[in-house]
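My plan is to pick a residue, look around it, and then step back to the whole chain.

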Amino acid sequence: CWCETNDKEKTKAIADAQARIEDLTTKIESLTAASARLGTEIKNLEKEVARNQEALDKATAIRQKQLAEFNAEEKDLLE
């Protein structure tokens, strides 16, 4: 009978959809946790980059000062 065949197909489709919903729910939870972890990691890395940039800026300023002193000293010695 058509209604028995249709009932079996619909029951199977419902079971398949429920299994897919469970899989997707698990995946969403997993990806949400990964997103939170990566968000925290990004914030930490941004702080580290800022610290490194600050150190680089300080080192660059020191090197520029040393270069200016060297150039002045060299000029005095050449005169």
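**Entry 1: Glu54.** I started at Glu54, which sits in helix H1. I'm working from a predicted model here, so I keep that in mind throughout. Is Glu54 buried, partly exposed or exposed? Its relative accessible area is 45%, so I put it down as partly exposed. I also checked a distance along the chain. Glu54 and Ala72 are 18 residues apart in sequence, and their C-alpha atoms are 27 Å apart in space.

**Entry 2: the partner of Glu54.** Which residue forms a salt bridge with Glu54? I found Lys58, with the closest N and O atoms 3.5 Å apart. Lys58 itself is exposed, at a relative accessible area of 51%. The cut-off for exposed is over 50%, so Lys58 with its 51% falls on the exposed side.

**Entry 3: other pairs.** How many salt bridges does the structure hold? I noted three.

Next I went to Asp16, which forms a salt bridge with Lys12. Their closest N and O atoms are 2.9 Å apart. Both residues lie in helix H1, which covers residues 2-78, and they are four residues apart, about one turn of the helix. Asp16 has 43% relative accessibility and so counts as partly exposed, while Lys12 has 52% and counts as exposed.

Then came Glu41, which forms a salt bridge with Arg37. The closest N and O atoms in this pair are 3.7 Å apart. Glu41 and Arg37 are four residues apart in helix H1, which means about one helical turn lies between them. Glu41 is partly exposed, because its relative accessibility is 38%.

**Entry 4: a charged patch.** Which residues form a negative surface patch? I listed Glu69, Glu73, Asp76 and Glu79. Glu79 lies in the segment after H1. With 70% relative accessibility, Glu79 counts as exposed.

**Entry 5: the whole chain.** Time to zoom out. I counted one helix and zero strands in the protein chain. Why do I call the chain more spread out than a compact globule? Its radius of gyration is 33 Å, well over the 12 Å that the globule rule gives for 79 residues. Along its principal axes, the C-alpha trace spans about 110 × 20 × 10 Å.

I looked for buried residues as well, and they make up 0% of the 79 residues in the protein chain. The protein chain exposes about 7,400 Å², and carbon and sulfur atoms supply 58% of that area.

The protein chain carries 13 positive and 17 negative side chains. The centres of these two sets lie 4 Å apart.

**Wrap-up.** My page now has a chain with one helix and zero strands, three salt bridges, and a negative surface patch that includes Glu79.

Methods: Residues are numbered from 1 along each chain as its sequence is written. This is a predicted model: local features need pLDDT of at least 70, side-chain atom pairs count only at pLDDT 80 or more; totals for chains, interfaces and linings use all residues. Side-chain values use heavy atoms; hydrogens and water are left out. A salt bridge is a side-chain nitrogen of Lys or Arg within 4 Å of a carboxyl oxygen of Asp or Glu. Helices (H or I, at least four residues) and strands (E, at least two) are DSSP runs, numbered from the N terminus. Buried means under 20% relative accessible area, exposed over 50%, partly exposed in between (1.4 Å probe, protein chains only). Patches are made of residues with over 30% relative accessible area and no salt bridge: like charges are joined within 9 Å, nonpolar side chains (Val, Leu, Ile, Met, Phe, Trp, Tyr) within 5 Å. Accessible areas come from the Shrake-Rupley method with a 1.4 Å probe; for residues, only the protein chains shown count as cover. Lys and Arg count as positive and Asp and Glu as negative; His and the chain ends are not counted. The place of a charge is taken as NZ of Lys, CZ of Arg, CG of Asp or CD of Glu. The radius of gyration is taken over C-alpha atoms; the globule rule is 2.2 Å times the number of residues to the power 0.38.
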